[in-house]
Amino acid sequence: MSRGILARLRLSSLRLRLVVVFALVALTAAVAASGIAYWLNREAVLTRTQDGALNDFRQEMQNRVATLPLRPGQDDLRRTAEQMASGSAGYQVLLLGERDEGKPIVGASDPDDFTLADVPRSLRDAVDTRRPVTDANPYPYHLFWQRTERGGTPYLVGGVRIDGGGPAGYMFKSLAAEKADLNSLAWSLGIATALAVAGSVLLAQVAATTVLRPVHRLGEAARQLGEGKLDTRLRVTGADELADLTRTFNGAAESLQKKVADMSAREESSRRFVADMSHELRTPLTALTAVTEVLEDEQDSLDPMIAPAVALVVSETRRLNDLVENLMEVTRFDAGTARLVLDEVDIADQITACVDARAWLDAVELDAERGIVAPLDPRRLDVILANLIGNALKHGGSPVRVSVRTEDGELVIAVRDHGPGIPEEVLPHVFDRFYKASASRPRSEGSGLGLSIAMENALIHGGSITASNSVGEDGEVDGAVFVLRLPLDASGITSEVRTRSGRGEVEEA
């Protein structure tokens, strides 16, 4: 089954549930109504046929059998039975008398169709039972009946005995016609039930469409809202619950649009403030840097009491200069003006140059094959490597190992130290701006922006950076590992690359 069909099934699941519920309700109601109608009609048909046949049989017993002699012969019984069966009631008759004490004789209207064997023993016992005559029971013998079946055909068997020692009579009537009528009724009710279910399914489709159309519109509007189209609104019609839901959605969308606009305005104001502040600081910092360079050159000739203060001023001025440069870089990322200038870069040479420029050659081990070339921005790659290696040297300690490999169309650069590792509670925040794990690590001279800027530079390349701990064979943490992944194919980098906090531009060199 294709994904499109599965998607349509998922989208129509609510519709399917509505149709199923409607169908089940209609089926239950139709089956219940049909069952009650069938039962009532069955009882009515059988009762009418049964009462008509039994009443006619009782009347015939009173009119014909009561006139027989006290000891009728078999011919007498047979003729009387034939006369009784010749009526319009359509039953066979069997009369049971006695020639002498204990010597029964039987007269049947049709011995081939109805014999004494067709009369249930329980019915014969009930007919032969004489009951005391009282005010509540004026007759010693009663008429009894029983429904039975022979060869798949239902029959009604009834019997009664004439008071005063007369013969007992039994009637045998086929209910095949009634059974056929009831079967036809059952088929009719079954067809009516099926039509009711089919009609309920059609009504359910109409009802589901009526209910789900505004729900679908709400879902589509919510999707557009999630895509950033904050001016999305829905037309409110009617005064039902769905209309109230639509009004609530419009109110929520309007409130969200207002809050997002306010936040965007505040964010833009903050970015302008940081950019303006950084720009304004650069002029005095340039002068301060020039002064500190002169003081640093003359540091050996200064008074020993003043030299530590000069060294502190030089160090803090450099730190402030780095902070301003980092703030300017972050501001460019936030404003979406960061530019990516691509060039063919030999990765091993780039790492060697980065390490050599910062005098880290003695503390860094490089494991990289020569000849791995990728289209990258050399300046931004240098920023990433400098931050990752510098962070490892400051917080993890040497030896720091940098390994390079290619994997599934990606350039993978791993920077590993052999320090205490990164605490588990710190790992989720290592790339956050201005985050410092001061409770776990010594005080750093950094700004707290280095790893964040490294991540932004990786994202603008279409890559990523992950941080984890290396575990030794003894199960103990054996340093931290930062893994940089960048695409080897520059065609995957479009003219606009979304970064974590803004949008960057790509410019071919």
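This is a predicted model: local features need pLDDT of at least 70, side-chain atom pairs count only at pLDDT 80 or more; totals for chains, interfaces and linings use all residues.
**Overview. The whole chain, before zooming in.** The protein chain counts 10 helices and 14 strands. It runs to 509 residues, of which 36% count as buried. Take the contacts between residues at least 6 apart in sequence: 63% of them join residues at least 24 apart. Keep that in mind for the views below, where several partners come from distant parts of the chain, including Y155 with F172 and F431 with F482.

**View 1. Helix α9 packs against helix α10.** Two packed helices are described by the angle between their axes and the distance between the axes. Here α9 covers residues 378-395 and α10 covers residues 450-460; their angle is about 145°, and the axes sit 9 Å apart. On the α9 side, look for R380, V383, I384, N387, L388 and N391. They meet G450, L451, I453, A454, N457, A458 and I460 of α10. Sort the residues of this contact by type and you get eight nonpolar, four polar and one charged.

**View 2. Helix α10 is mostly covered.** Stay with α10 for a moment: 10 of its 11 residues are buried. Among the buried ones are L451, I453, A454 and A458, which also take part in the contact with α9. S452, M455 and E456 are buried in α10 too. Just past the end of the helix comes G462, with a positive phi of about 85°.

View 3. S470 belongs to strand β11, which spans residues 464-471. Is S470 buried or exposed? Its relative accessible area is 13%, so S470 counts as buried. The side chain of S470 makes a polar contact of 3.2 Å with the side chain of R416. Leaving aside neighbours within four places in sequence, S470 is in contact with E476, V477, D478, G479 and V481 as well as R416.

**View 4. Y155 stacks on F172.** Searching the whole structure turns up four aromatic pairs, and this is one of them. The ring centres of Y155 and F172 are 4.3 Å apart and the planes are at 10°, so this pair is stacked. Which residues do ring pairs link into a cluster here? They are F114, Y155 and F172.

View 5. A pair of aromatic rings is described by the distance of the centres and the angle of the planes. For F431 and F482, the centre-to-centre distance is 6.1 Å and the planes are at 85°, an edge-to-face pair. F431 sits in the loop between β10 (410-416) and α10, while F482 is in strand β12 (residues 477-487), and the two are 51 residues apart. F431 counts as buried at 10% relative accessibility, and F482 is buried with a relative accessible area of 2%.

**View 6. G421 across from S468.** Here is another residue from the loop between β10 and α10: G421. At 7% relative accessibility, G421 counts as buried. Along the chain, G421 and S468 are 47 residues apart, yet their C-alpha atoms are separated by 8.2 Å.

View 7. Most residues other than glycine have a negative phi. A359 has a positive value instead, near 60°. You'll find A359 in the loop between α8 (347-357) and β7 (364-367). It is out in the open there: A359 is exposed, with a relative accessible area of 70%. D408 also has a positive phi, near 55°. D408 lies in the loop between β9 (400-407) and β10, and at 77% relative accessibility it counts as exposed.

Notes
Residues are numbered from 1 along each chain as its sequence is written. Side-chain values use heavy atoms; hydrogens and water are left out. Axes are lines fitted to C-alpha atoms, for helices over the stretch in contact, and angles run from 0 to 180 degrees between N-to-C directions. Helices (H or I, at least four residues) and strands (E, at least two) are DSSP runs, numbered from the N terminus. Contact means heavy atoms within 4.5 Å. Ala, Val, Leu, Ile, Met, Phe, Trp, Tyr, Cys and Pro count as nonpolar, Asp, Glu, Lys and Arg as charged, and the others, Gly among them, as polar. Buried means under 20% relative accessible area, exposed over 50%, partly exposed in between (1.4 Å probe, protein chains only). A polar contact is a pair of N or O atoms within 3.5 Å; within protein, one must be able to donate a hydrogen and the other to accept it, and residues adjacent in sequence count only if both atoms are side-chain atoms. Rings of Phe, Tyr and Trp (its six-membered ring) pair if their centres lie within 6.5 Å; planes under 30 degrees apart count as stacked, over 60 as edge-to-face and the rest as tilted.
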